[in-house]
Amino acid sequence: MKILLLYLFVFLLVLTGNISFAQNSIFAGKIMDENNKPIPGARIKVSKAGYTIPEVMADNDGLYYTQLLPSGYYNIDIIAHDKFIKAKKVYLKEQDKIRWYYNLKLHGEQAEVIVTAHDP
């Protein structure tokens, strides 16, 4: 009976280990206009099929960050100055020894995503 329970425990451990995703990355950075001035209060929407990710708002310095997420491709949309701006699809890198920052720079109706290892 103990061996059967041990096998069941190992089976469940392996099963749940394959289903879970490592969530150790975040989108964090600064949102700014074409003159490199921060855009306080800008709302950043990060989305990926199958995930519900809360919208975040930039602080007074234009800094923002999301919840922990698994690495992969995400869409970033921005609402700033009462305009909806769709950015391109962005790959969220795995955070290990290097912290990656995703700075958003608005150019009129378009947004540029600048991925850098430099803290904004």
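Which pattern does the protein chain follow when read along the sequence? I read α-β-β-β-β-β-β-β-β. I count 1 helix and 8 strands in the protein chain. I took helices (H or I, at least four residues) and strands (E, at least two) as DSSP runs, numbered from the N terminus.

**Ground rules.** I am working on a predicted model, where local features need pLDDT of at least 70, side-chain atom pairs count only at pLDDT 80 or more, and totals for chains, interfaces and linings use all residues. Residues are numbered from 1 along each chain as its sequence is written, and side-chain values use heavy atoms, with hydrogens and water left out.

**Whole chain.** I looked up burial. Of the 120 residues in the protein chain, 33% are buried. Buried means under 20% relative accessible area, exposed over 50%, partly exposed in between (1.4 Å probe, protein chains only). The accessible surface comes to about 8,200 Å², and carbon and sulfur atoms hold 59% of that. I used Shrake-Rupley areas with a 1.4 Å probe. I then turned to contacts (heavy atoms within 4.5 Å). Among those with a separation of 6 or more, 50% link residues 24 or more positions apart.

**The sheet.** I traced an open sheet of 4 strands in the order β3-β2-β5-β6, with antiparallel pairing. β3 (56–57) and β6 (83–92) are at the edges with a single partner strand each, so one side of each lacks a neighbour in the sheet. For pairing I required at least two DSSP bridges between two strands.

**Strand β2.** I followed β2 (residues 43–47) to its partners. It joins β3 through 2 bridges, running antiparallel. There, Arg43 has Met57 of β3 as its bridge partner. With β5 (residues 72–80), β2 pairs over 5 bridges, also in the antiparallel sense. Lys45 is bridged to Asp77 of β5.

Which side chains of β2 are buried? Ile44 and Val46 are, and they point to one face.

**Thr116.** I found Thr116 in strand β8 (residues 110–116). Why does Thr116 count as buried? Because its relative accessibility is 15%. Leaving aside neighbours within four places in sequence, Thr116 is in contact with Arg99, Trp100, Tyr101 and Asn103. I also checked where its side chain reaches: the side chain of Thr116 comes to 3.1 Å from the backbone nitrogen of His118.

Conventions: Polar contact = N/O pair within 3.5 Å; in protein donor to acceptor, adjacent residues only side chain to side chain.
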